[in-house]
Amino acid sequence: MATGWPMKVTYANGDVYSASDVNDTNGTINLLGASVAYAAGKNKIINGDFRVNQRSFSTTSTSGTFGFDRWAMTGTATTTYSAQTFTPGAAPVAGYEGATFARMLTSGHSGTGEAAYLGQKIEDVRTFAGQTITVSFWAKAASGTPKVGINLVQNFGSGGSGEVIAPTGSVTLTTSWARYTLSVAIPSISGKTIGTSSYLFLLLWTSAGTDYSGYTNIGVQNATIDFWGVQTEIGTATAFQTATGTIQGELAACQRYFWQIATGSGTSFALASAEGANTPLTVIQAPVTMRIAPTLVQTTGSAYYVIRSNSGINTFSSFTTDNNSVNGITVYTTGATITAGYAGRFITNNASSSLALNAEL
């Protein structure tokens with residue numbers, strides 16, 4: 001007789017605990033069904049519901065620009081990437097009230113070299129290697145029946161093997177929100193050399209001339225297409241969830257790649273002290289360990305920043321950085337001084353002021 005925690009022992013096979021016993025027809029123990037809808041970390045797309053928006057992004061037509069955290073747009077001609085807000089109750093999934101979604105608009109696309117896509121780089125080319133996965137997302141068109149091309153690209157990083165394009169596919173949209181799925185076989189990385197900062201790149205194409213036929217064959221399109229609820233997972237499509245399953249967890253996952261320190265005017269963001277020739281200096285500690293030692297992204301201009309101390313208020317235009325690490329960054333300015341031995345506060349001083357740490361792929 002087996003011993004341990006109390007268990008039913010009147011199984012057809014005696015007291016041997018088998019997989020069939022877990023789902024016995026009497027329902028005594030029935031913890032898992034045939035399909036698990038929720039599993040920690042199943043979705044490798046971060047911010048798939050477009051909730052996190054540290055950059056306070058609203059709209060951009062600049063190719064290569066990040067908007068919602070982890071999501072960047074690439075586009076030729078007129079391609080506009082914008083943040084949109086759901087009317088309460090209008091989100092595409094009952095029981096999951098999405099707040100915001102992404103919109104891609106293309107116009108004036110006509111040549112073979114025209115293209116537009118919304119993409120996310122998933123850290124580490126080892127992700128899903130040699131696996132068959134499902135890409136799923138909700139989408140709709142403002143009018144007509146445009147297509148969305150889906151493909152993934154393995155990038156082996158600096159010093160690594162050349163890129164490998166996974167098999168491509170496309171779906172045809174309608175003017176109503178619907179979920180679309182596509183099965184993709186991710187190539188093996190056997191025999192490849194993995195360099196620095198490798199990644200698996202998911203691309204959602206909204207327009208593509210024949211120059212991009214190696215990636216997708218949807219053709220040139222002028223359309224307005226909305227996206228929400230993007231997921232990548234091994235096997236077949238299951239219920240949508242974010243990469244971490246929590247709001248705070250998703251923010252922290254985004255901050256591994258980008259952290260918005262301060263924006264706008266009048267934000268105190270660090271305490272500083274005098275070092276050397278009365279130079280105000282501080283260490284800005286990142287909220288999470290970042291992917292790599294980040295760079296400081298700052299807007300600069302006359303009197304964009306302030307050091308407030310016993311010496312009064314001194315304005316300056318920019319910061320210099322030192323000792324970058326995955327845990328934070330040292331910043332100082334030679335454009336203002338404070339009395340040695342005293343402390344002061346760094347404050348933004350312009351509506352356009354912005355400071356961030358960037359470690360994006």
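Me: Let's start with one residue. Is Gln231 buried or exposed?
Reply: Buried. Its relative accessible area is 0%, and the cut-off for buried is under 20%. Keep in mind that this is a predicted model.

Me: Where does Gln231 lie?
Reply: In strand β13.

Me: Which side chain does the side chain of Gln231 make a polar contact with?
Reply: That of Glu233, at 2.6 Å. The Gln231 side chain also reaches the backbone nitrogen of Gln241, at 3.0 Å.

Me: And what else does Gln231 touch, not counting residues up to four places away in sequence?
Reply: Quite a list. It includes Lys42, Asn43, Thr134, Val135, Ser136 and Arg179. Thr238, Ala239 and Phe240 are on it as well.

Me: Let me step back. How many helices and strands are there in the protein chain?
Reply: 2 helices and 23 strands.

Me: How much of the chain is buried?
Reply: Buried residues make up 44% of the 361 residues. The chain exposes about 16,100 Å², and carbon and sulfur atoms supply 51% of that area.

Me: What share of the contacts comes from residues 24 or more positions apart?
Reply: 72%, counting contacts with a separation of 6 or more.

Me: Now the inside. How many residues does the largest nonpolar core have?
Reply: It has 41. Trp71, Phe137 and Phe227 have the most contacts inside it.

Me: Which elements give two or more residues to this core?
Reply: They are β5, β6, β7, β8, β11, β12 and β13. Strand β7 gives the most, with 6 residues.

Me: What lies apart from that core?
Reply: Another core, of 23 residues. Among them are Trp259, Phe269, Ala286 and Tyr305.

Me: What is Thr132 in contact with, leaving aside neighbours within four places in sequence?
Reply: Ser183, Val184, Ala185, Ile234 and Gly235. Also, the C-alpha atoms of Thr132 and Thr236 are separated by 9.0 Å. Those two are 104 residues apart along the chain.

Me: Switching to rings. What does the count of aromatic pairs come to?
Reply: 28. One of them is Tyr96 with Trp228, an edge-to-face pair. The rings are 5.3 Å centre to centre, with 70° between the planes.

Me: Why does that pair tie together parts that are apart in sequence?
Reply: Tyr96 lies in the loop between β4 and β5, and Trp228 lies in β13, so the pair ties together parts that are 132 residues apart.

Me: Which is buried and which is partly exposed?
Reply: Trp228 is buried, at 0% relative accessibility. Tyr96 is partly exposed, at 24%.

Me: What about Tyr304 and Tyr305?
Reply: Their ring centres are 6.4 Å apart and their planes are at 65°, so that pair is edge-to-face. Both tyrosines are buried.

Me: Which residues do ring pairs link into a cluster?
Reply: Phe86, Tyr96, Phe101, Trp138, Trp177, Trp228 and Phe240.

Me: Where do Arg55 and Lys121 sit?
Reply: Arg55 lies over the face of Phe258, at 3.7 Å from the ring centre. The charged end of Lys121 sits over the ring of Phe201, 5.5 Å from its centre.

Me: Next, helix α2. Which residues in it are buried?
Reply: Glu250, Ala253, Cys254 and Gln255. What covers the buried residues of α2 includes β14.

Me: And what happens at the start of α2?
Reply: A side-chain oxygen of Thr246 reaches to within 2.8 Å of the backbone nitrogen of Gly249.

Me: Last one. Where is Asn155 found, and what does its side chain reach?
Reply: Asn155 is in strand β8. Its side chain reaches the backbone nitrogen of Gly157 at 2.9 Å. A polar contact of 2.9 Å also joins the side chains of Asn155 and Glu163. Asn155 is buried, with a relative accessible area of 15%.

Technical notes:
Residues numbered from 1 in each chain as written. Predicted model: local features only at pLDDT ≥ 70, side-chain atom pairs only at ≥ 80, totals over all residues. Heavy atoms only, no water. Helix = DSSP H or I, 4+ residues; strand = E, 2+ residues; numbered from the N terminus. Buried < 20%, exposed > 50% of the residue type's maximum accessible area, 1.4 Å probe, protein only. Polar contact = N/O pair within 3.5 Å; in protein donor to acceptor, adjacent residues only side chain to side chain. Contact = heavy atoms within 4.5 Å. Areas by Shrake-Rupley, 256 points an atom, 1.4 Å probe, with all protein chains shown as cover. Phe/Tyr/Trp six-rings, centres within 6.5 Å; stacked < 30°, edge-to-face > 60°. Lys NZ or Arg CZ within 6 Å of the ring centre and 35° of its normal. Core = buried A, V, L, I, M, F, W, Y, C linked by side-chain atoms within 4.5 Å.
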